[in-house]
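Here are my notes on the structure, as numbered points.

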Amino acid sequence: MRTFVLALALVASAAPAFAQSPVSSFSLATLDDARAAQFQAAALATRHDAEWRFEWSGLDGRRESLAAQAYAGGFGAFLSDEPGRVRTWGASFGGGSDALRFGWTGYRVSQAGARRNDHRFAALSRPAAWLSLAGVVDHAFEPTPDGVRTPRAWTAAVALRPLALDRAHAHDRGTRLALTADAMLDEGAPREWARVRVGVECEPVDGLAFAVATTGRDAWRVGLTLRGLRGALGASNATQDDATVNERWSLSAHSGEERTRIASRRDRRVALVRAGGVLADEGAGGSVMGDVSTVDAGALRAQLDRALEDPLTRGVLLDLRGVAGMAQLEELRPRIEKLRAAGKPVVASLESGGGRGDLYLASAGTRAFASEEAIFAGLGLRTERRYYREMLERYGLRMDRASVGAFKSAYRNFSVDRTPAADSIVIQHALDVRQELFLRSVAASRGVGRERFAHVLDGRGWTSADLVTAGLLDSVGYREDAWRETGRLSGLGAKPRTVNLRRIERARRTWHERSPIAVVYAGGGIEEGRSGGGLVSGAVLGSETLIAQLERAFRDRETRVVVLRIESPGGSVVASNLIDHAIVRLKRETGKPLVVSMGSVAASGGYYIALRADRIYADRHTATGSIGVLYVKPSLEGAYAKQHVRQEDFERGEYMGGFSIARDWTPAMQAAADSAIGRSYAGFKARVAEGRKLSPEKVEEIAQGRVWFGEDALRNGLVDAIGGLDAALADARERAGVTRGEKIRLREFRRPRGSLLERAFGGWVRGAIQRETRMPDWRGAQARDDAAWEWVAD
């Protein structure tokens, strides 16, 4: 408020004089419609992505001028015509951030047979939800038509939204009132020649806006705007000494939807949300060789959030097409429950059938439909282990392996012939946990006893009618039946209007949203170097990339709390340690807290990098722990011998042969590898004991490479709470001092996308190779558990 009062005082003191021209109908500090293409290019696309506007200006029915403006993205164009006097046309572009935007307008003026080219530069800064600052310099290069220099014209503007000082309501009622002040002065002119405009803009009801402005000495302009969903109608009247001197009428259409009460019943709709594939924090495409696609779960979360907030959306039609990823689905279910609590029904359609994931998500909804011949088979759980030692021996191949922890099973299938007892314990427990979570959650959501539907999880094929009897579905019907039911429950009739909310842009009314929370996504196998997505290696979480992102997140001035979202089975011990060291250093140097959210898997090295967090959250379906270390190396010595390949060794160091793929490990080399891995394991356990405040005995009890799921991990002290990314963000908001109800913008850091070739072919090449071989980088010790990935897509 003090900033605005000071600016207004300065503006007012600069010029009490009154300009004889009619009062302008807008302030440069609040302008955000298509007129920005002509007068304030820095404001292009700040409210909508695209817009066109037509304006008529005159008096007593006599036309004085016509104007048309339009823009798309950061590019605009305009035409203004005062018949018989002046014609102006031009183009503009602008862009930037809330903190600072710039724009340029180039235009040609035709007047009395003479033409001149001119330029206008603009700047706009909205550093807070309540403050907007603008500046424009016209005639920037001082054109000289007919040899007469046109001086530069400077305009400074400031606007204040006093109601937005309340952060909790800055995004709604905070946008309803704005106080504006603009000061205009030609370069070189005395200060007393400056022209001042002050005004008030108010939108007491969504869609109905008033504006009043004055330049003093009984010069006023009063305007009214009616905003519909996709267009607006405006009118304004300028007076001088109580006499009308100008009238303006405008019509506009824009790409985004406005928040307005000027909407008909026909504008009410049902949101169509489609879900399929294995959900993950970051989508990674599909595979022509059978690998299911990986879908960005964030897009689904955003659609459901939008459906909850949007007053026109009265229900959701959930089209399920083989969706999986139980931890991610766990984070979608509360959103569906919130929609139902808000009186917005969610009806699921499983037209082609589905699996456990589809039924798990559908159970949270209001109704569930499946077609007559929909296929529901293999609804139970199954995991397979194949062992290759004898096959490798047949070809003279061998996998040397050193590991610590009876449960550290990664790559063991290359060196043994059958499942060890420890691995069987983990597998059986995992199956029990997954089954219990499914039964418990679905029974509670559907309101039926588990004994009613438990039998359909035996792996046999079941019909839709069978699942209706079991209480998992409500009716046998097709997608149109689910659509009609959604309309009926929403009060929109049997044929409701259906929209994809991802394709509907919303008007950006808030000037600025703070970013006090940074979210860094850590997904993929941990390796040294840069992150990426190789054709064979798949998603790689590079230590260099992640550390650089953490540096940016922690050192950002606006960031108060960093959230690390982990979805990784682990990887290189060295890379994990480098990341851990960077987190410790950054927390110490910045004093900012770190909150960890675990996705589908945060095991071994993925758990290692979480240990310095101030609080760790895991979903009930999260696979975590796997505190152990291993080292593997392929050996081709037998294969070379079969092919009569002769090798001679020259070395300094009796254990150097242990790194050669042409030599099997000797007992001494195996002992040396076991010793080195033991030291890494001891260091890992020490990190766990320090980070989790556990005794060494307790750590040893829960370590040994064993995978734990969310609730087990909580009981064992490996995590602090059960919850998804939303829970971690709620914690971060509290730590950052974010006002309850305040809308903020997350500052997100994601894995860089691979090249076009990698994105096009990487999925199926990677899937084909990794599905059977799962070969690690044998040159370094691994804190990794690829087996944990198996529970992501059940």
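1. A charge is taken to sit over a ring if NZ of Lys or CZ of Arg is within 6 Å of the ring centre and within 35 degrees of the ring normal. By that rule the charged end of Arg333 sits over the ring of Tyr360, 4.5 Å from its centre. The charged end of Arg356 likewise sits over the ring of Phe438, 4.5 Å from its centre.

2. On the source: this is a predicted model, in which local features need pLDDT of at least 70 and side-chain atom pairs count only at pLDDT 80 or more, while totals for chains, interfaces and linings use all residues. Residues are numbered from 1 along each chain as its sequence is written, and side-chain values use heavy atoms, with hydrogens and water left out.

3. Rings of Phe, Tyr and Trp (its six-membered ring) pair if their centres lie within 6.5 Å; planes under 30 degrees apart count as stacked, over 60 as edge-to-face and the rest as tilted. The count comes to eight aromatic pairs. One of them is stacked, because the rings of Tyr360 and Phe438 have centres 6.0 Å apart and planes at 25°. Tyr360 belongs to helix H5 (residues 356-362) and Phe438 to helix H7 (residues 421-446), so this pair ties together parts that are 78 residues apart in sequence. Helices (H or I, at least four residues) and strands (E, at least two) are DSSP runs, numbered from the N terminus. Tyr360 and Phe438 are both buried; buried means under 20% relative accessible area, exposed over 50%, and partly exposed in between (1.4 Å probe, protein chains only).

4. Tyr631 and Trp665 are also stacked, since their ring centres are 5.9 Å apart and their planes at 10°. Tyr631 is in strand E32 (residues 629-635) and Trp665 in the loop between helix H14 (637-642) and helix H15 (667-692), so parts 34 residues apart in sequence are tied together. Tyr631 and Trp665 are buried. Elsewhere, ring pairs link Phe75, Phe93 and Trp104 into a cluster.

5. A salt bridge is a side-chain nitrogen of Lys or Arg within 4 Å of a carboxyl oxygen of Asp or Glu. The whole structure has 72 salt bridges. Asp118 forms one with Arg116, with the closest N and O atoms 2.5 Å apart. Asp118 is buried, at a relative accessible area of 2%.

6. Arg176 and Asp206 meet in a salt bridge at 3.0 Å, N to O. This pair links distant parts of the chain, 30 residues apart: Arg176 is in the loop between strand E8 (153-160) and strand E9 (177-186), and Asp206 in the loop between strand E10 (195-205) and strand E11 (208-216). Asp206 counts as buried, at 12% relative accessibility. Both residues belong to a network of salt bridges whose members include Asp32, Arg47 and Arg509.

7. Which residues of H18 are buried? They are Leu725, Ala728, Leu729, Asp731, Ala732 and Ala736. Gly737 follows H18 and has a positive phi, near 75°.
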